[in-house]
Amino acid sequence: MTTVNIAEPTTLVSQATRALQRSAHELIPGGAHTYAKGDDQYPETAPPFIARGQGCHVWDLDENEYIEYGMGLRSVALGHAFPRVIDAVRKELANGSNFTRPSPREVEAAEKFLRCVPGAEMVKFAKNGSDATSAAVKLARSYTGRDLVAICGDQPFFSTDDWFIGSTLLAHPEQIACVVLEAETSIAPRAGFLAEVRALCDRFGALMVLDEMITGFRWDVGGAQRVHDVVPDLSTFGKAIANGFALAALAGKREIMERGGLGHSAERVFLLSTTHGAETHSLAAGIATMQVYQDEPVIETLYRRGERLKQGVEEVARGHGVQDYLQVFGRTCNLVFGTKGPDHLPSQPFRTLFMQELIAGGILAPSFVVSYSHTDEDIDRTIDAVDSAAAIYARALSDGISQYLEGRPVKPVFRPFN
């Protein structure tokens with residue numbers, strides 16, 4: 001059996017919690033079912049488990065409270081245990097969750113989704129983003145009769161499946177089935193870029209597939225495609241669509257999506273067919289979540305809270321003279337932070353140190369991605385914690401990091417062999 005080094009108990013983490021953490025590594029590869037939640041992604045002082053959450057606040061097994069960012073890998077855009085969503089799920093569970101024929105919730109959820117994303121004409125739901133995006137590739141290959149897939153080289157993850165990856169349309173002009181890309185990452189596309197991709201796809205007969213796992217229901221209720229005024233052939237959504245409940249979506253133009261349906265005489269594409277793809281309680285969560293987006297100023301609040309946080313972080317970084325080493329990037333609704341060492345290169349040890357000091361201040365932050373539940377008070381408390389962390393950061397740049405870092409550095413989540 002491989003032994004995984006687990007940090008010794010601290011005053012915040014009990015021996016019982018550490019024992020459970022060791023058991024997790026004995027039973028689960030990596031100690032967690034999601035790599036981005038694994039121990040190697042956090043300082044050794046991080047809480048090993050989260051027991052419960054309310055709004056943007058979470059509690060570990062030892063009842064230590066934290067303000068959380070990232071919020072379930074960006075899936076919990078409204079906040080943990082958001083009442084309108086929980087009430088809808090609770091009501092739906094009393095009716096059962098999975099039947100041998102479709103539930104009317106499938107139609108209701110589809111109608112709600114297509115009203116939010118006007119560029120799409122049909123939608124099919126699944127449980128995770130990898131399945132939805134791989135289904136988009138399968139559909140594109142069937143529709144075009146081609147095999148190759150082109151992606152943008154700076155976007156590391158679309159699916160757990162092993163598609164063939166091409167790097168350019170121009171090298172294989174009549175072999176590309178589709179171009180798969182995110183509309184925007186932490187760096188915005190240059191003006192006109194997405195329109196050029198759309199034009200290239202049209203020119204060479206390839207489909208444009210927009211991955212909206214992160215941007216959908218965060219950039220805008222209609223997704224980044226509405227922000228950037230581009231209509232893809234197919235698009236995929238997940239994460240924030242159901243406030244943390246397992247729901248993803250493949251959406252697109254009717255003539256393409258219908259290849260997976262019954263409204264034609266050709267052989268049907270076995271597109272998406274999952275036992276749990278239309279669990280009624282997840283659909284109810286999606287319906288309720290999308291209704292909240294339509295009824296309340298969710299998107300505006302995400303931008304406003306993120307802007308307050310960004311300005312505060314940048315101000316305290318300047319105050320400690322670390323503004324060139326500790327930075328925030330991205331749209332304010334989806335902020336991430338970057339950490340650099342004395343050589344001005346990205347540094348995992350300094351990322352670890354920064355996260356470590358935030359944890360000491362009651363902030364659990366693999367990113368600075370806010371939710372609708374973050375208040376101005378939460379943001380201000382976070383800025384205070386960043387202030388204290390930036391002071392340590394500055395000393396570590398001057399004195400060397402080893403005397404300030406408690407334990408091993410974190411590791412990148414994406415690696416050559418995933």
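Me: Is the crossing of helix 10 and helix 11 left-handed or right-handed?

Reply: This is a predicted model, where local features need pLDDT of at least 70, side-chain atom pairs count only at pLDDT 80 or more, and totals for chains, interfaces and linings use all residues. Residues are numbered from 1 along each chain as its sequence is written, and side-chain values use heavy atoms, with hydrogens and water left out. A crossing is left-handed if the near helix is turned anticlockwise from the far one by less than a right angle, and right-handed if clockwise. Helices are DSSP runs (H or I, at least four residues) numbered from the N terminus, and the crossing of helix 10 and helix 11 is right-handed.

Me: At what angle do helix 10 and helix 11 pack?

Reply: Axes are lines fitted to C-alpha atoms, for helices over the stretch in contact, and angles run from 0 to 180 degrees between N-to-C directions. The axes of helix 10 (residues 348-360) and helix 11 (residues 376-399) are 8 Å apart. Their packing angle is about 145°.

Me: How many charged residues are in the contact of helix 10 with helix 11?

Reply: Contact means heavy atoms within 4.5 Å, and F350, L353, F354, E357 and L358 in helix 10 meet residues of helix 11 that include Y393 and L397. Nonpolar covers Ala, Val, Leu, Ile, Met, Phe, Trp, Tyr, Cys and Pro, charged covers Asp, Glu, Lys and Arg, and the others, Gly among them, are polar. The contact has 11 nonpolar residues, no polar ones, and a charged count of one.

Me: How are helix 2 and helix 8 oriented to each other?

Reply: Helix 2 (residues 83-93) and helix 8 (residues 280-295) pack at about 150°. Angles under 35 degrees count as roughly parallel, over 145 as roughly antiparallel, 65 to 115 as roughly perpendicular and the rest as oblique. Helix 2 and helix 8 are therefore roughly antiparallel.

Me: How many charged residues does the contact of helix 2 with helix 8 have?

Reply: Helix 2 brings R84, V85, A88, V89, E92 and L93 to this contact, and among its partners in helix 8 are H281 and D295. By class, eight residues are nonpolar and four polar, and the charged ones number three.

Me: In which loop is R74 found?

Reply: R74 has a phi near 75°, a positive value in a residue other than glycine. Strands are DSSP runs too (E, at least two residues). R74 is found in the loop between strand 3 (65-68) and helix 2.
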